[in-house]
Amino acid sequence: EGVGPQDYTGIKIEVTQWSPAAAEALKSFESELAGKKVFMVAATLRPETMYGQSNCFVGPSITYGLFASNKSDEVFLITRRAANNMAFQGLSPERGVATQLGQIKGDVLVGTKVKAPLSVYEEVYVLPMETVLATKGTGVVTSVPSDSPDDYMTCQDLRKKAEYYKIDPSWASLDAVPIIRTPTYGDLTAPELCKRMKIQSPKDAKLLAEAKEAAYKEGFYQGVMLIGKYAGEKVEKAKPLVRKDLIDASLAFVYNE
Ligand code: A2H
């Protein structure tokens, strides 16, 4: 982790309805954004799990920008850092130049409705995740509680403390979807691992790092897809195929850092 280049899949998660606070905050950028679709772009290493996206995480104190993409009617909502990297990867209008059309803080985005590609859930919500790093990926993390221990624990915490987090409990109510079967952990790897390891909170960083490692290895080498076009195939085989399908459908792109 953190060493050498990382080959992410940038998942394009379209904003379908801004939260009232986000709509208010973006008023001053109305003319720059007129007629454009906004996509929150989540950097993932597990494109084969996108069937189980149940929400989209932002860091509440992270500042995001809205940046022009290489398609004239599409805008990316990501960190400035990611936009600069993307500009050197041919993902901006002019190579090397990140053009910012607006700006918004993560906490303001909470409650925004988005459309996560491939997910069995038609519409999901933007929710806060305090452990999102501004220095990794796009600062946007798509949540797959079935296979990511971090996502699962954060979802559980949001459900338990909806009031503290100032969220509507229904926004965090979508259950983990069985996506991958593994011999050791069954059909819901992350919840099972968190239970076995008695992980109590999304801040149990050490245990979560262990769980993440175990979930990744077991899922990749032993997992079999339970859902989608590659149901019945080994994850090892399905992963690059799902990735390619998403990219071919313009629902995702390659992002390196
Ligand atoms: B992964 P690596 Cl199902 N801050 O996607 C914190 N975490 C971030 C992040 C950021 N700024 N940007 C990306 N990530 C998460 C799916 C997934 C992921 C599953 C299982 C494990 C998993 C759904 N969330 O990651 O440090 C993203 O979550 C564990 C390896 O570059 C991304 O992939 O190795 C992963 O961390 C990138 O982590």
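The legends below describe close-up views of a predicted model. Local features require pLDDT of at least 70 and side-chain atom pairs pLDDT 80 or more, while totals for chains, interfaces and linings use all residues. Residues are numbered from 1 along each chain as its sequence is written.

**View 1. The largest nonpolar core and L127.** This core contains 77 residues, of which M40, A42, C56, I78 and L127 touch the most other members. A nonpolar core is a set of buried Ala, Val, Leu, Ile, Met, Phe, Trp, Tyr and Cys residues joined through C-beta atoms within 7 Å; buried denotes 20 or more other C-beta atoms within 10 Å of a residue's own, with C-beta atoms placed from the backbone. Strand β2 (residues 37–44) gives the most to the core, with 6 residues; strands are DSSP runs of E of at least two residues, and helices runs of H or I of at least four, numbered from the N terminus. Leaving aside residues up to four places away in sequence, L127 touches N55, F57, V110, L158, I167, W171 and A172, contact being C-beta atoms, placed from the backbone, within 7 Å.

**View 2. The shell around the ligand.** Among its 21 residues, T44, G137, V144, D147 and S148 come nearest to the ligand; a residue is near if its C-beta atom, placed from the backbone, lies within 6 Å. Strand β2, β9 (140–143) and α7 (205–222) each supply at least two residues of the shell, and β9 provides the largest share, 3 residues.

**View 3. Helix α6.** In α6 (residues 189–196), the buried residues are T189, A190, P191, L193 and C194. Their cover includes α5 (149–160), β10 (180–181) and α7. Just after α6, K198 adopts a positive phi of about 55°.

Definitions and conventions. Buried ≥ 20, exposed ≤ 12 C-beta atoms within 10 Å, placed from the backbone. Contact = placed C-beta atoms within 7 Å.
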